[in-house]
Amino acid sequence: MEFMVGFSEASMATLLKKLCVLLAREYTLIRGVNGDIQDINDELSSIHAFLLMCAMQAANQGHDFQNQSWVRQVRDFSYDIEDSVDEFAHRFGRQSRADGFISSIISRLQALARWYPRRNIVLELKELKDRYGVERPLDLQDYREEEIVRRARLTADTHQVRGRQLVGVKDPVGMGGIMKELGSWLSDAEKKQGVLALVGFSGVGKTTLATALYRNFQDQFDARAWVTVSQKFNLESVLRSILSQVVMLSTDLVKEEMNENQLRDRLHSTNCLLRDGALREEELFQLSDSCGGLPLAIVIMAGVVANSNKWRQEGWDTQTPQGVESLVAFSYNDLPMDLKTCMLHLCTFPKSYKINRKRLTRRWVAEGLLGAKHGLSAEEVAEEYFNQLITRNIIRPVEHSTDGMVKACQVHDMIHEYIVHKSGEEDLVNVVGGHWLMPVPSNKVRRLSLHTTDHVEAAIASMNLSRIRSLTVCATSHKFPFHSFKSKIIQVLDLEGCRGIKKHHLKRICEMTLLKFLSLRKTDIDKLPSNIGNLIYLETLDIRETKISVLPKSILELHLLTNLFGGNKKNRKTVKLPKEMATRPIVTLQILSGIEIVEGPATISDLHAFTKLKKLLIYKLNLRKDSLGFKDLMSSIEYLGFLQSLEIDDESSDFINSLDSMASPPRHLTTLHLHGKLLTVPEWIPNLEDLVKLTLSVTVLRTDTFKLLASMPLLFCLTFSYSFEKQNAHMVTILEKNELESGGTISVPSGRYKSLKLLRFASPVLPQLNFSEGAMPELQRIDLQFTKLEGLSNMDNLVSIEEVHLTMNKQADEATKGKVNELSAHARSGANKLRVTVNAW
């Protein structure tokens, strides 16, 4: 039996927690009612334990249709109970915030007014219990010990931290002949234009081969772009993606407000893709079965063998899609309940979608798919589950952050198809407008994902959306049918990238008082409504890459807010905190991102009350050195003992040059970014034993800086950068002075830097860099972005180097272009056979 996971272990635990809260709140208000709620709570606790045992029985005894039907009833019963509890919270969650005698009178009146609804919810819960009237159909005690062992094994596996790494660049196995043949076609100078089509059924390795070809031959073209287009796609999104890669996002030429026609015109004006707009050649290559089976099947097998001690030969036909589907089903059935649910939740995102890791794990937590366990927070458990899905090859990394962690992943098409259909069967997530045709659900929809907003209104109209608690829109269309959603119990609303959101939409959103997760990222909104404070349960608010520059005062009503994301990291746009936050801080905040702290009466610089902050990103800082705000902020950074990530973009206040004066600098930082006219590196930075990612202004690019940082044990990525928009003659003078003081060449010392794998430079002018013998023994990749490059020498001393990425300004002088060509030729012909990529912007 494939166990029903539509209501997971963590979801049941969430419901039990809600009932406990309800019980605690009502205990002193209504005599007798609390006993009924306690009975239901006890019953659900028993059901919770039964579900765990049922999962074990399913894995050992196969199909049992009686139990299958029973579990489905239990799931629906649990859903209906949670709906009742949430509706009660929606109706009576708001409490009077007045003080004194008036507050006392209001509270008593509210208690009287709510007596009947309180009693009514208990009767409703009892009715639900009687309606389903379930008893355990059989004894599962025999499986309890084995289930405990199995769950302990998963816990041990997930606690193994995945090593930080860069995206691998190895060529696909078993395709050397095809790679050589297609490579010669791409390198043929006579083929000015053409289309190379790779055809074959899913899982044979088309995408893997195309990726390798793109990587190996991209620098032979003046411009290139990588986009994924399925049979159903949004043309505007595709054009925007292509154009942003061709003209480079840093140039800000791809405006968010550009429509499809403007994007098309802008793309044609680049004069780099299709010069005369015609395709004169088309070559078709049929991929053969070169591995004795589908490559996807082999990958899935490897994931199962590596993680399952239940592995046994099933005689699968690995050369057919049906055989691969059986393998996917086996891998799925081997997962514990919560991890199954997280796997099925992947269908929230469309086919071939690049899924951001943080977005995904935050969604899992917000949806109640997992919770804290074994001494780990819910966020840490989500990270471990994500790693498990990678280890099992259910998802594959496609992009790493500069700290070596996976930034984005994808789901293979065949696995995605299985997940979509299985999730529909389990009533976990219902997909509309996706690549795979799905029947309209007959039950109440709990989680809905719109993969496109074109022509979906009819499908939505036929659904029962009265109990929807999670809505995701993965589209950019202006035709978002917002009027179709009237549920007051929505808890997760993810509208990232959805264009056409208007003020009246935001007003409706602010009526969804049970929202815990709200993402408006990359939408075209410019202001949050004043009634945003109605969302008193909100934990995550994401308004990054919008036009919002000021947060309303009502944001202070969000007493459970944990993550507040704002601003735009690409162009350093910021959001301004309300001045009232100085006296009414949101003490639950753990992430505060994209803010500005500038001189003035309305500035918020005293952050001492934000004691739970783990991540603080200040995109704009400008304070007078002798001001109270300057001292408050400095003292706050010392005081925030849980701080793990700190970023400061200091415009001109000299704040970052005063950091060395801190008596007690933060000790647990894993990420530190200091942007601006930094003159000296704070002496306490080398003492940060947990630091993984360090970004410093290029103004401290000196030989002594490399010597100072060399002994840091966990440093994975070191970056020297300076904003091209802020370049000035004074900055160039500093660079020239640094080069002179370093003897005319910036030298990297030998030895040490035991963990460094990525070295990055971004500056209008880059001086001569020299790598001593034995320097940076683990370094795998160097990235350089520049207008003027004086050169890199002795790169042969980098024993582990694999890649060099050069991004050169098109306005670079001939001397710089010559050095780039010389460097590229030398790197390719050297002993290390480096992979060199040259881009222009």
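A residue is counted as buried at under 20% relative accessible area and as exposed at over 50%, with partly exposed in between (1.4 Å probe, protein chains only). The structure is a predicted model, in which local features need pLDDT of at least 70 and side-chain atom pairs count only at pLDDT 80 or more, while totals for chains, interfaces and linings use all residues. Residues are numbered from 1 along each chain as its sequence is written, and side-chain values use heavy atoms, with hydrogens and water left out.

The chain has 841 residues, of which 54% are buried. Its secondary structure comprises 22 helices and 25 strands, taken as DSSP runs numbered from the N terminus (helices: H or I, at least four residues; strands: E, at least two). Among contacts (heavy atoms within 4.5 Å) with a separation of 6 or more, 61% are between residues 24 or more positions apart.

Aromatic pairs were defined for rings of Phe, Tyr and Trp (its six-membered ring) with centres within 6.5 Å; planes under 30 degrees apart count as stacked, over 60 as edge-to-face and the rest as tilted. A search of the whole structure gave five such pairs. One of them, between Phe 630 and Phe 655, is edge-to-face, with 5.1 Å between the centres and 65° between the planes. This pair links distant parts of the chain, 25 residues apart: Phe 630 belongs to helix H19 (residues 628–639), and Phe 655 to the loop between strand E15 (645–650) and strand E16 (671–675). Phe 630 is buried at a relative accessible area of 6%, and Phe 655 is buried at 0%.

Phe 720 and Phe 761 form a stacked pair, 5.8 Å centre to centre with 10° between the planes. Here too distant parts of the chain are linked, since Phe 720 lies in strand E18 (residues 717–721) and Phe 761 in strand E20 (residues 758–766), 41 residues apart. Phe 720 counts as buried because its relative accessibility is 0%; Phe 761 is buried at 3%. Phe 706, Phe 720 and Phe 761 form one aromatic cluster.

A charge was taken to sit over a ring if NZ of Lys or CZ of Arg is within 6 Å of the ring centre and within 35 degrees of the ring normal. The charged end of Lys 340 sits over the ring of Tyr 332, 5.3 Å from the ring centre. For Arg 544, the charged end sits over the ring of Phe 565 at 4.4 Å from the centre.
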